[in-house]
Amino acid sequence: MADIRLLSPSVINKIAAGEVIERPASVVKELMENSVDAGGRRIDVSIEKGGTELVRVADDGGGIAADQLLLAVASHATSKIVGADDLFDVRTLGFRGEALASIAEISQFLLRSRPRAEAAGAQLEVRGGQAAAVVPCGCPVGSVVEVRQLFFNTPVRRKFLRATQTELGHVTEAFIRIALVHPQVHFTLQHNDRAVYDLPAVDSWRERILTFFGGEIGQALIPVAGDDGQIRLTGYVADPNYSRANNRMQYLFLNGRHIRDRSLQHALGEAYRGLLVSGRYPIAFIRLEMPAEMVDVNVHPTKLEVRFQDGGRIYSQLLSALRQKFLSTDLTARLKPAAAPADADPAGALDPAHAAQRRDELVQWAQGQLESKPASPPASGSLPEDAPARQSRLPLDSERVEGRSAEFKPFPDFGMSFRPPSVSGPQPGVPQRPMHETAPTASAADSMGRPSASQPPAVAHGGIQIHNRYLITENEDGVVIIDQHALHERILYEQLREKVLAGNLEKQRLLVPEPVSLTPAEAAAALEAKEVLAQLGIEIEPFGGDTILVSTYPAMLANFDPHEVLRQIIEQWMTGGNIPQRRDLLDEMLHMISCKAAIKAGDRLTPDEITSLLAQRHCYQDTHHCPHGRPTALVFTRDELDKRFKRT
């Protein structure tokens with residue numbers, strides 16, 4: 001057995017560097033945190049070749065006295081804590097006192113600093129852990145740290161560094177995480193002497209967010225807030241129409257420190273349940289402020305993860321704040337403004353002189369056309385070159401010739417009379433006819449959801465159906481286009497959920513129980529979820545072997561095969577790899593039942609059904625999205641329509 005020996009300080013620092021310093025971005029993070037802790041009001045970050053050649057961080061903070069420079073690069077030397085009790089009352093970003101020692105061990109390190117009370121500064125150079133003497137130097141108030149040739153004496157670590165652009169991306173992300181949550185500080189970032197960010201100090205956190213992520217995200221931000229006396233929550237979340245394929249746009253900050261917490265990320269996902277499609281993640285910028293003794297930040301080498309004293313309380317507060325905000329916010333999807341064409345001339349369109357010129361040209365053209373007599377029609381088969389212009393000179397109809405104005409008809413007369421139905425006529429529940437039935441179609445085009453020429457769009461009081469799948473109506477903002485299946489699915493989901501929670505879901509008992517043959521794994525999963533299935537109106541019993549008997553069934557699914565429905569439910573559960581929790585199980589069942597029972601794209605609705613569907617849109621929560629997260633409606637605002645029609 002090998003002898004146990006005490007490691008040298010150099011080896012100890014290299015081990016610590018392996019935990020704390022993974023790449024140049026780690027250096028940037030540690031040095032920026034030190035600058036913030038020092039009270040810097042301006043922090044400048046400069047890097048070369050992604051930070052592998054140089055990382056330089058300068059601040060105008062409190063500075064370090066000359067006689068303490070050697071202590072600053074010593075292992076576990078810090079000014080931020082004194083005793084063990086201070087570890088549970090950390091109010092700074094850094095506190096361990098190992099970052100500078102670890103960085104100096106694996107790089108060519110230079111530190112210049114000057115306290116505000118001193119007339120001159122001091123300089124310390126460290127090469128691979130070997131410190132030179134402290135010498136006086138001229139420098140402004142604050143500190144400047146230069147880290148060159150990172151990992152120069154640990155070539156194995158240097159081989160693991162990626163391409164320059166990859167390392168720059170990691171450095172930029174580390175910079176954003178600190179600069180984002182401290183808007184009162186002026187930050188700059190340069191790469192190879194090229195400015196990447198220049199962020200003057202601002203009073204509003206929203207302004208700093210817009211600087212990083214642009215106006216499109218900024219317009220979609222929804223402010224959220226919550227305060228229970230000890231824990232204060234503020235921030236912004238994005239409209240569900242703006243999401244990402246990963247959770248990298250979820251920025252969580254605790255007392256000014258960027259953290260990663262699965263529980264809080266799960267709370268975000270729960271708040272957006274039913275508002276985002278599967279595989280999409282919300283965008284969020286959340287700040288939490290709480291007493292330092294309520295959280296332990298000394299549980300992760302880079303302090304990225306923390307341990308809360310009462311994690312459930314914070315989870316509930318975040319979830320409640322988001323859900324309450326969503327319930328009071330109109331989340332209906334709106335048409336995003338189209339980009340102006342490259343040859344567009346908006347200035348010219350608004351220029352009075354230009355507009356007057358175009359108006360005069362139009363008047364002259366119109367007068368010239370009206371003063372001309374219509375010529376005799378050309379012979380059959382021959383048209384003059386100016387035929388399109390001359391067609392406009394022909395009389396429009398007999399009434400126009402006789403001097404009478406033609407009656408304005410917004411829709412063509414299809415040989416049918418229509419009177420708006422009474423709102424009190426239809427039952428405000430689901431449409432009266434079975435939802436799986438479609439109206440008789442006049443051609444093969446109707447079977448594909450496209451109305452034929454002989455079949456007009458269904459018109460109802462307050463709405464019109466087009467292509468047998470969309471409803472068009474209006475509100476105070478503009479024109480609203482509604483996906484009939486998505487809206488009906490949400491309404492049924494909310495109705496089902498209320499009935500399930502109240503325990504009065506309509507179900508019917510089968511005269512003869514229906515046997516369903518499953519695989520052994522499927523049968524076991526179904527029996528394990530027996531109680532949840534019973535809540536939803538599906539009562540099952542084992543019948544021997546891998547066969548299950550279905551004795552009761554939801555009334556609204558009477559037209560669907562129990563075999564198919566039960567198999568789809570079980571397959572969906574088993575796809576996730578494990579049995580979901582009871583709440584998730586119930587929610588997935590409600591999604592499936594409401595989706596199957598809802599009207600489909602291609603179903604032609606009667607005017608009464610259109611009126612009923614539109615009336616119920618305002619009777620339930622979250623009708624702006626279907627249970628799967630797809631939008632149910634799209635709003636074309638009046639301003640956007642005016643732009644599209646060149647009215648502004």
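Q: How many salt bridges does a search of the whole structure find?
A: Such a pair joins a side-chain nitrogen of Lys or Arg to a carboxyl oxygen of Asp or Glu, with a cut-off of 4 Å. In this predicted model, the search of the whole structure finds 25 of them.

Q: Which parts of the chain does the pair of Glu53 and Arg158 tie together?
A: The side chains of these two residues meet in a salt bridge, at 3.3 Å from N to O. Glu53 belongs to the loop between β1 (42-48) and β2 (54-59), while Arg158 belongs to helix α5 (residues 155-159), so the pair ties together parts that lie 105 residues apart in sequence. Glu53 is partly exposed, at 22% relative accessibility, and Arg158 is also partly exposed, with a relative accessible area of 25%.

Q: What separates Glu640 and Arg644 in helix α21?
A: These residues are four places apart in helix α21 (residues 638-644), which means that about one helical turn separates them. Glu640 is buried, with a relative accessible area of 6%, and Arg644 is partly exposed, at 44% relative accessibility.

Q: Which residues are linked in a network of salt bridges?
A: Such a network is formed by Arg56, Arg112, Glu146 and Arg148.

Q: Which residues touch the most other members of the largest nonpolar core?
A: In soluble globular proteins, nonpolar side chains tend to be buried together. The largest nonpolar core of this model has 61 residues, and those touching the most other members are Phe109, Phe175, Leu180, Phe187, Phe213 and Phe285. Helix α6 (residues 164-179) supplies the largest share of this core, with seven residues. If residues up to four places away in sequence are not counted, Leu180 touches Trp205, Arg208, Ile209, Phe212, Phe213, Tyr251, Phe253 and Phe285. A second, separate core consists of 33 residues, among them Leu254, Tyr272, Ala284 and Ile286.

Q: What volume does the second largest pocket have, and which residues lie nearest its centre?
A: Rolling a probe the size of a water molecule over the atoms shows where empty space is left. The second largest pocket has a volume of about 770 Å³, and of the 33 residues that line it, Asn34, Ile64, Ser79, Lys80 and Leu100 lie nearest its centre. Two or more lining residues come from each of α2 (24-37), β2, α3 (69-72), α4 (99-105) and β7 (142-148), with α2 giving the most, five residues. By residue class, the lining divides into 16 nonpolar, ten polar and seven charged residues.

Q: Is Ala99 buried or exposed?
A: The cut-off for buried is under 20% relative accessible area, and Ala99, at 12%, counts as buried. Ala99 has its place in helix α4, and its C-alpha atom is separated by 6.5 Å from that of Glu30, although these residues are 69 residues apart along the chain.

Methods. Residues are numbered from 1 along each chain as its sequence is written. This is a predicted model: local features need pLDDT of at least 70, side-chain atom pairs count only at pLDDT 80 or more; totals for chains, interfaces and linings use all residues. Side-chain values use heavy atoms; hydrogens and water are left out. Buried means under 20% relative accessible area, exposed over 50%, partly exposed in between (1.4 Å probe, protein chains only). A nonpolar core is a set of buried Ala, Val, Leu, Ile, Met, Phe, Trp, Tyr and Cys residues joined through side-chain atoms within 4.5 Å. Contact means heavy atoms within 4.5 Å. On a 1 Å grid over the protein atoms alone, a cavity is a set of points where a 1.4 Å probe fits but cannot get out, and a pocket is an open set with protein on both sides within 12 Å along at least five of seven lines; lining residues have an atom within 4 Å of a point. Grid points are joined across faces, edges and corners, and a volume is the space filled by probe spheres set on the points. Ala, Val, Leu, Ile, Met, Phe, Trp, Tyr, Cys and Pro count as nonpolar, Asp, Glu, Lys and Arg as charged, and the others, Gly among them, as polar.
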